[in-house]
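Please examine the structure displayed here.

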Amino acid sequence: MSKKRRPSASRPPHRTVFAPETGEAPKYWECPVCGYITGQPEFEDGQNPCPFCKAHDGERRSYPTERIRRLDRQIRAYHLEGDHEIVVILVMALLEAVLEDILDRIMDAHGADLPLRRMVMDTQRAIGTRIGKLFPALCGEEFEEAAAELGYRDFPYRWRQMREARNAFIHDSPFNGAKETLQPSMGNDAMELLDQSYRLFVLLNNRFVADGIHEA
Ligand SMILES: [Zn+2]
């Protein structure tokens, strides 16, 4: 296991650049050397150095992955049709994939190899445990605290509320009686959470992955 080096006074100050909003999943590029993610399009071709570690090396991978982009497109199509129940369910699925991705990247930055990361993810399947136990164990602070520091104080609460509504909707049973748990307005709330989740992911990445143990 590698040591954590946070916060690092020796790092140059940096400010995460978000990708512009385009009505689809945002497009970011990742430095293969330090893991830094930026929305600056000039970073794509490798002609410009990483704003964080200054490396020119390697192919810059795009983020989010094609799998997430495809799911994002489907969600936006359902949203246009006003199908708020599907939107809420799919956004919750996408957010869980995004969370799994960031936890995997943080473990990787800590030096955990693939079999270990896979084992942790296989045994820690509950989202509450991933947020409440795994995240603080890796980052040394609560998810809520990290989100607040990065400017997304309401995100964890709104996400939890929506998970609970989704669960109540999906696990509705004849014993409880039918419940209108997913209000139409929740489709818009889910879309807001979706857009925020990409930005928060990039900020968490730049703080806990790029600013972590990768040496420039
Ligand atoms: Zn870099």
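Q: What average pLDDT does the chain have?
A: This is a predicted model, in which local features need pLDDT of at least 70 and side-chain atom pairs count only at pLDDT 80 or more, whereas totals for chains, interfaces and linings use all residues. Residues are numbered from 1 along each chain as its sequence is written. The pLDDT is the predictor's confidence in each residue, from 0 to 100. A score of at least 70 is reached by 88% of the residues, and the chain average is 87.

Q: Over which residues does pLDDT stay under 50?
A: Contacts are counted between residues whose C-beta atoms, placed from the backbone, lie within 7 Å. The model has 14 contacts beyond four places in sequence for the stretch in question, where pLDDT stays under 50: residues 1–9.

Q: How far apart are the end C-alpha atoms of helix H2 (residues 84–109)?
A: Helices (H or I, at least four residues) and strands (E, at least two) are DSSP runs, numbered from the N terminus. The expected span of a helix is 1.5 Å times one less than its number of residues. H2 has 26 residues and should therefore span 38 Å, which agrees with the distance between its end C-alpha atoms, 37 Å.

Q: Which orientation do H2 and helix H4 (residues 127–139) have, roughly parallel or roughly antiparallel?
A: Axes are lines fitted to C-alpha atoms, for helices over the stretch in contact, and angles run from 0 to 180 degrees between N-to-C directions. Angles under 35 degrees count as roughly parallel, over 145 as roughly antiparallel, 65 to 115 as roughly perpendicular and the rest as oblique. The axes of H2 and H4 come within 11 Å and cross at roughly 25 degrees. The two helices are therefore roughly parallel.

Q: How many nonpolar residues are in the contact of H2 with H4?
A: Ala, Val, Leu, Ile, Met, Phe, Trp, Tyr, Cys and Pro count as nonpolar, Asp, Glu, Lys and Arg as charged, and the others, Gly among them, as polar. From H2 come Glu96, Leu99, Leu103, Ile106 and Met107, which meet Ile127, Arg130, Leu134, Phe135, Leu138 and Cys139 of H4. The contact of H2 with H4 holds two charged residues, no polar ones, and a nonpolar count of nine.

Q: At what angle do H2 and H6 pack?
A: In H2, Glu85, Val88, Ile89, Met92 and Leu95 meet Trp159, Met162, Arg163, Arg166 and Phe169 of H6. The axes of H2 and H6 are 10 Å apart, and the packing angle is about 125 degrees.

Q: How are helix H6 (residues 155–170) and helix H7 (residues 185–208) oriented to each other?
A: Their axes come within 11 Å and cross at roughly 135 degrees. H6 and H7 are therefore oblique.

Q: Which residues does the cis peptide bond join?
A: Proline 64 lies in the loop between strand S3 (61–63) and helix H1 (66–80). The cis bond has an omega of about -5 degrees and joins this proline 64 to tyrosine 63.

Q: What phi does lysine 54 have?
A: Lysine 54 is located in the loop between strand S2 (37–38) and S3. Although lysine 54 is not a glycine, its phi is positive, about 70 degrees.

Notes
Two residues are in contact if their C-beta atoms, placed from the backbone, lie within 7 Å.
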